[in-house]
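Welcome! Take a moment to look over the model, and then let us walk through it together, one piece at a time.

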Amino acid sequence: MMNYVFAFLIILAAAWGIGSGHAPEVAAAILKSGGDTVQLLLTVAGAMSVWSGLMAVAEKSGLTQWATRLLRPLIRLLLPGLRRDGEAEQCVCMNLVANLLGLGNAATPLGLRAMNAMRREQGLNDGRASAEMTTFVVMNTASLQLLPTTLMVIRTEAGSADPMGILPCIWLTSLSALTAGLLMCLILRGFASPKN
Amino acid sequence: MVHIENFGAIGNDIIIITAAGIVLLGLVRKVPVFDTFLEGAREGLAAALRIMPALTALTLCIAMIKASGALDAASRLASPLIGAFRIPPETTPLMLVRPLSGSGALAVIRQIFTDVGPDSYAGQVASVMMGSTETTFYTVAVYYGSVGVKKTGYTIPAALTADLTGMIVAALTVTLFLH
């Protein structure tokens, strides 16, 4: 799927850029994007390193086990295939907590560790996504946040009289989006494997 | 409704308390906090390097699409369709950019706030869209890229269903609760 998305975007941009007379800008974008990625990676890598360090401490002090116990019923429901108290389950939990608190930079490294742990636990090496991986990725694309910190900051900067007034709308909307995504997972899983 | 003068301050407090709280708890539980932090940090750095190729691919696509002007054309094309769901037309570019690029979406929403204000109907709907959806393609590319999964199955259709639902419900909740 990503193959098609990638090819579609590149070819569309090339054709449109040349057709609409934006060829110089598109060419510049190709030449510049590699450098931009390195810049972005430096920022992301630094933040990920800091949060991974803190999370390692949290893990050894038993904080993550405590959070896992709190969220376990939800995780069992959404990702029934994970091993009880395994590394995957704990990382999924901490990723959820970080997402809820609006700490995106902490959520990503934990999410990646969760993916890695799931791959090992389920013994997958054929480049296929398991049902649990898919559900977990969809959960992360639906962004369940109690406190969207960045958004609140830009709303305040833009002079909003009530930057937090939209929070209930955000909670309800992300919950609806997540539900729709998970339902779609269930439906499409049914289509993908009629024998199971 | 809660009015808070400087919300940025609360975000800051959460970050500071999280960081200091973790270290303090570690100390109380007799964890070698410095050595453990180093181990974790090393792992985080390795994870960041693993996502680099996916990041390169995605940055390339997005930079090209933005430069080609195709996004603006798609926004114009989609506007009448979007009106049917009572979604304000000003939010069209945000809906198109949001699944692709987080920093792109930030730039778009800043522009919307400058144009119509953060407390207008369109400004509020844009905020709800921004807060309740994620950069879908980035997440899919990075998460699967890090474990070498190439066959993503039905992930993207399901994730885009979530995004689309979020966009429509955003307009709905703002209309119901705030107007």
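This is a predicted model: local features need pLDDT of at least 70, side-chain atom pairs count only at pLDDT 80 or more; totals for chains, interfaces and linings use all residues.

The axes of H5(B) and H6(B) come within 9 Å of each other and cross at roughly 165°. H5(B) and H6(B) are therefore roughly antiparallel to each other, since an angle over 145 degrees counts that way. Their crossing is left-handed. On the H5(B) side, the contact is formed by B:Ala105, B:Ile109, B:Ile112, B:Phe113 and B:Val116, and these meet B:Ala122, B:Gly123, B:Ala126 and B:Met130 of H6(B). Sorted by class, the contact of H5(B) with H6(B) holds eight nonpolar residues, one polar residue and no charged ones.

The axes of helix H6 (residues 121–132) and helix H8 (residues 155–178), both of chain B, come within 9 Å and cross at roughly 130°. That angle makes H6(B) oblique to H8(B). Here the crossing is right-handed.

| Helix pair | Axes come within | Crossing angle | Handedness |
|---|---|---|---|
| H5(B) and H6(B) | 9 Å | roughly 165° | left-handed |
| H6(B) and H8(B) | 9 Å | roughly 130° | right-handed |

Now let us turn to the place where the two chains meet. How many residues of chain B are in contact with chain A? There are 87 of them, and they touch 93 residues of chain A. Several helices of chain B each supply at least two residues to the side that touches chain A: helix H1 (7–28), helix H2 (33–68), helix H5 (102–116), H6, helix H7 (136–147) and H8. H2(B) gives the largest share of that side, with 24 residues. By class, the side of chain B that touches chain A has 50 nonpolar, 28 polar and nine charged residues.

Next comes chain A itself. Its secondary structure comes to eight helices and zero strands, so to read along its sequence is to follow the pattern α-α-α-α-α-α-α-α. Taken along the principal axes, the C-alpha atoms of chain A fill a box of roughly 55 × 50 × 35 Å. Chain A has 196 residues, of which 44% count as buried. Among its contacts between residues at least 6 apart in sequence, 62% join residues at least 24 apart.

Helix H5 (residues 104–122) of chain A has 19 residues and reaches 26 Å from its first C-alpha to its last, close to the 27 Å expected at 1.5 Å a residue. Its buried residues include A:Ala106, A:Pro109, A:Leu112, A:Arg113 and A:Met118. What do the buried residues of H5(A) pack against? Within chain A, they pack against helix H2 (23–60), helix H4 (87–100) and helix H6 (131–141), and from chain B they meet H2 and H7. After H5(A) comes A:Gly123, whose phi is positive, near 60°.

Two further residues have positive phi values. Most residues other than glycine have a negative phi. A:Asp85, however, has a positive phi of about 60° although it is not a glycine. A:Asp85 is found in the loop between helix H3 (63–78) and H4 of chain A. Is A:Asp85 buried or exposed? A:Asp85 counts as exposed because it has 12 C-beta neighbours inside 10 Å. In chain B, B:Lys30 has a positive phi near 60° and is likewise a residue other than glycine. B:Lys30 sits in the loop between H1 and H2 of chain B, and B:Lys30 is exposed, with 9 other C-beta atoms within 10 Å.

Our last stop is A:Thr156, which lies in helix H7 (residues 149–157) of chain A. A:Thr156 and A:Ile166 are 10 residues apart in sequence, and their C-alpha atoms are 12 Å apart in space.

Note on methods: Residues are numbered from 1 along each chain as its sequence is written. Chains are lettered from A and ligands numbered from 1 in the order in which they are written. Axes are lines fitted to C-alpha atoms, for helices over the stretch in contact, and angles run from 0 to 180 degrees between N-to-C directions. Helices (H or I, at least four residues) and strands (E, at least two) are DSSP runs, numbered from the N terminus. Angles under 35 degrees count as roughly parallel, over 145 as roughly antiparallel, 65 to 115 as roughly perpendicular and the rest as oblique. A crossing is left-handed if the near helix is turned anticlockwise from the far one by less than a right angle, and right-handed if clockwise. Two residues are in contact if their C-beta atoms, placed from the backbone, lie within 7 Å. Ala, Val, Leu, Ile, Met, Phe, Trp, Tyr, Cys and Pro count as nonpolar, Asp, Glu, Lys and Arg as charged, and the others, Gly among them, as polar. The expected span of a helix is 1.5 Å times one less than its number of residues. A residue is buried if 20 or more other C-beta atoms lie within 10 Å of its own, exposed if 12 or fewer, and partly exposed in between; C-beta atoms are placed from the backbone.
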